[in-house]
Each structure stands twice: as C-alpha cells, then as structure tokens.
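These questions and answers go through strand pairing, salt bridges and surface charge. Please keep the sequence and the structure in view while reading.

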Amino acid sequence: MTRFNTFLKKILLGICAGVFFVCVFTAAGEIYPYVREQQIYAQLADRVEKAGQKAGDTSQKGQLPGSVWDSQKATPASHMQPLLRYAQLYRENPDLAGWLRIEGTRIDYPVMYTPEDPEYYLHRNFYGDQAYGGCLFMGEGYCREGGNTIIYGHHMKDGSMFAGLLAYASQEFADAHPLIHFDTIYEEGIYQAFAAFYCDLDEEGTDAFLYYAYPDLSDEDVFYDYISRISKKNIIDTGQEIGFGDQLITLSTCSYHVKNGRFVVAAKKVETAWE
C-alpha cells in the first residue's frame with residue numbers, strides 16, 4: 001500500500017508539474033507580444049533621441065519628398081521639410097505624422113495619420129505589423145486649419161500606450177506635469193494641459209458630449225461650444241484661459257468607469273520650435 005501511495009504521489013506530482021509548465025509557457029506566450037511591442041517603441045524612441053542629438057544645429061532640415069500630409073493640406077506649404085530627428089523614420093513609413101511624449105508617464109510614441117483609413121493603426125505597430133496595442137493615431141476629420149488635433153491610443157493593462165493619460169485624473173499629477181510634448185514631423189510643439197475629463201459615449205441628452213466630433217474649431221461659435229462642454233466635465237484646475245485661435249490637442253483613451261467610457265486630456269499649444 002505504501003509503494004502504491006508513493007507511486008500515486010509521483011504521478012500526481014508529475015501531472016502538477018506538467019500543468020505548471022503548460023501554464024508558464026501559455027502565460028509567456030501571451031505576455032511576449034506585449035513585451036516585444038514595447039521593445040519596438042523603445043528602439044524607435046532611442047533612434048529619435050539620437051537623431052536629434054546628431055542634428056546638433058537646429059537650423060538643419062531633412063531632405064524628403066512630399067507626403068500624404070501635403071495632399072491633405074496638413075502642412076502650411078508643400079515645400080516644408082521634416083525635422084532631422086524624424087527624417088529617417090519618415091523615410092521608412094510616410095504615415096508618421098509626429099511624436100508625443102509626456103514626462104512622468106510611459107508615453108513616448110510615434111503618432112500616425114492615414115486619412116483614407118483613420119483607424120488603420122488601431123491594432124498595427126509603426127511597421128504595419130499586427131499589434132495588440134497598435135499605435136497612437138490622429139483621428140478622422142483632421143485638418144491643420146481646424147486647430148484641434150485629436151489623438152487616440154489604447155489604454156493597455158500593462159501601462160503602455162495611453163494608459164498613462166489616466167494620471168491626469170489626479171490634480172497633483174496635473175500640477176507636477178502640465179506640459180505635453182507633441183511634435184509634428186515638421187515642427188516641435190509644447191502644449192499645456194488645461195482639462196481632463198471622463199466621458200460616457202452612450203450618454204444621452206444635454207450631458208452627452210461627443211468630443212471626437214470637434215476636429216475643426218475654425219468657427220468661433222464651435223470653438224467656444226467645445227470649450228464650454230469640456231469645462232462642464234473638467235476634473236482638474238489649471239487656471240488657464242483658453243481663447244479662440246488657440247491650437248489644441250485632445251488625447252483620448254478608453255476608461256473602464258462605464259461600459260463605453262473614455263478618458264480625455266485637452267491641452268493648448270504654448271510654444272513652437274523649429275529645427
């Protein structure tokens with residue numbers, strides 16, 4: 001009986017060990033794609049930083065052909081040349097529209113733009129390969145003259161992509177990290193966050209706010225309607241005054257406070273620089 005029990009224990013231990021290793025390998029198989037995606041973005045960020053350091057003289061420009069941006073009137077003039085820090089990446093993928101970075105978060109990513117298929121990068125990385133976290137991308141209806149660049153990104157559970165936006169739900173974080181760096185491929189831009197809010201896309205009535213329907217704020221009435229609606233939902237106080245003609249960015253990600261929730265950060269441009 002003792003031998004049988006010993007034999008049975010060995011079998012059970014073997015089964016447990018087998019189940020354990022299957023679980024480990026399964027988990028590793030699920031985690032690896034996320035890790036690999038972030039490795040790719042870290043490499044891209046490193047290339048951008050090194051290219052910027054190599055450029056040195058901020059008066060230099062990259063020499064590149066026109067892009068879809070020109071045909072979509074997304075640049076002031078078709079002869080504009082991309083910043084050297086983004087020139088090589090733009091050669092590799094002309095869908096590159098800019099770069100977004102927020103200190104105090106992991107947000108340090110390229111921003112893509114594909115007007116004919118705005119959500120093309122929803123589940124694709126910079127190279128166009130399938131990726132759970134996708135890329136940050138500029139939304140439908142974007143036009144430079146509209147004055148409001150709406151950028152979307154996934155709220156990833158591993159804290160990557162736009163998960164860091166939720167930090168702006170804290171007044172303390174907003175006070176400590178007011179600046180958002182958003183460069184187009186043609187110019188550097190520094191923005192200051194002035195609002196953060198939760199939104200329920202299923203909401204109806206007077207409280208409903210479809211912020212994504214406001215890419216064009218060139219009409220003064222539309223501009224102030226947008227700002228008014230943001231003010232009603234805003235959960236942080238920055239003391240900033242927003243006026244017609246301010247250049248805005250609106251950053252959007254999913255929020256799980258309701259079934260179809262979003263968390264949004266709005267910022268206005270406070271500085272422009274050219275390489």
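Q: Which residue in E5 stands opposite arginine 101?
A: In this predicted model, E1 and strand E5 (residues 179-184) pair in the antiparallel sense, with four bridges between them. Across this pairing, the residue in E5 that stands opposite arginine 101 is histidine 181.

Q: How many residues of strand E1 are buried?
A: Buried means under 20% relative accessible area. Strand E1 covers residues 96-101 and is mostly covered. Of its six residues, the number buried is five.

Q: What is the phi of glycine 104 in the turn of the hairpin?
A: The hairpin is formed by E1 and E2, and glycine 104 lies in its turn. Its phi is positive, at about 85°.

Q: How many residues apart are arginine 85 and glutamate 188?
A: The side chains of arginine 85 and glutamate 188 form a salt bridge, at 3.0 Å from N to O. This pair links distant parts of the chain, with arginine 85 in helix H3 (residues 84-92) and glutamate 188 in strand E6 (residues 188-200). Their separation is 103 residues.

Q: Is lysine 268 buried or exposed?
A: Lysine 268 and aspartate 246 meet through their side chains in a salt bridge (4.0 Å, N to O). Lysine 268 lies in strand E8 (residues 261-273) and aspartate 246 in the loop between helix H5 (220-233) and strand E7 (248-255), so the pair ties together parts 22 residues apart in sequence. Aspartate 246 is partly exposed at 21% relative accessibility. For lysine 268 the relative accessible area is 15%, which is under 20% and therefore counts as buried.

Q: In which helix do aspartate 46 and lysine 50 both lie?
A: Aspartate 46 forms a salt bridge with lysine 50, and their closest N and O atoms are 3.2 Å apart. The two residues are four residues apart, about one turn of the helix. Both lie in helix H1 (residues 2-55).

Q: What is the relative accessible area of glutamate 145?
A: Glutamate 145 is placed in the loop between strand E3 (136-138) and strand E4 (148-152). Together with Asp216, Asp219, Glu220 and Asp221, Glu145 gathers in a patch of negative charge on the surface. Glutamate 145 is exposed, because its relative accessible area is over 50%, at 51%.

Definitions and conventions
Residues are numbered from 1 along each chain as its sequence is written. This is a predicted model: local features need pLDDT of at least 70, side-chain atom pairs count only at pLDDT 80 or more; totals for chains, interfaces and linings use all residues. Side-chain values use heavy atoms; hydrogens and water are left out. Patches are made of residues with over 30% relative accessible area and no salt bridge: like charges are joined within 9 Å, nonpolar side chains (Val, Leu, Ile, Met, Phe, Trp, Tyr) within 5 Å. Accessible areas come from the Shrake-Rupley method with a 1.4 Å probe; for residues, only the protein chains shown count as cover. Lys and Arg count as positive and Asp and Glu as negative; His and the chain ends are not counted. The place of a charge is taken as NZ of Lys, CZ of Arg, CG of Asp or CD of Glu. Buried means under 20% relative accessible area, exposed over 50%, partly exposed in between (1.4 Å probe, protein chains only). Two strands pair if DSSP finds at least two bridges between them.
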